[in-house]
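Hi,

Here is the structure I promised to pass on. Have a look at it first, then read my notes below.

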Amino acid sequence: MQYRIPDDVLHRVVQTDTVILNAATNAYVSLNGSAGRIWELFGAGHTTEEVQAMMVDEFDVETDVVAADVEATLQSLLQRGLLEPSA
């Protein structure tokens, strides 16, 4: 499945963190470097499997650790309305 960043979600990178604002709900979250990268990759239309593979390559982390982190981050972003499934 692919995801996208909703139109009412704004972001800014501040040093190593990504600050994201959902303008529709006024909710915001600050993501560390790896979580921000996960959000960016999903927002670019990559699938979960693609995001996991890219994170393993970029951060040199074990596949099972990355899979758990990507899934947890994805679910959190979806619950906050910072990502949504693509149509």
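This is a predicted model: local features need pLDDT of at least 70, side-chain atom pairs count only at pLDDT 80 or more; totals for chains, interfaces and linings use all residues.

Residues are numbered from 1 along each chain as its sequence is written, and side-chain values use heavy atoms, with hydrogens and water left out.

Back to the helices. Helices here are DSSP runs of H or I with at least four residues, strands are runs of E with at least two, and both are numbered from the N terminus. The axes of helix 1 (residues 33-43) and helix 2 (residues 48-59) come within 10 Å and cross at roughly 140°. That makes helix 1 oblique to helix 2, because angles under 35 degrees count as roughly parallel, over 145 as roughly antiparallel, 65 to 115 as roughly perpendicular and the rest as oblique. The axes are lines fitted to C-alpha atoms, for helices over the stretch in contact, and the angles run from 0 to 180 degrees between N-to-C directions.

Which residues of the two helices meet? From helix 1 there are Ser34, Arg37, Ile38, Leu41 and Phe42, and from helix 2 Thr48, Val51, Met54, Met55, Glu58 and Phe59 (contact means heavy atoms within 4.5 Å). By class, that contact has seven nonpolar, two polar and two charged residues (Ala, Val, Leu, Ile, Met, Phe, Trp, Tyr, Cys and Pro count as nonpolar, Asp, Glu, Lys and Arg as charged, and the others, Gly among them, as polar).

Helix 1 also has buried residues: Ala35, Gly36, Ile38, Trp39, Leu41 and Phe42 (buried is under 20% relative accessible area, exposed over 50%, partly exposed in between, with a 1.4 Å probe and protein chains only). Their cover includes strands 1 to 4, helix 2 and helix 3 (63-79).

Now the sheet. Three strands form an open sheet in the order 2-3-4, with antiparallel pairing (two strands pair if DSSP finds at least two bridges between them). Strand 2 (residues 9-14) and strand 3 (residues 17-22) pair over six bridges, and Leu10 stands opposite Leu21 in strand 3. Five bridges join strand 3 to strand 4, where Val19 stands opposite Ser30.

Enjoy!
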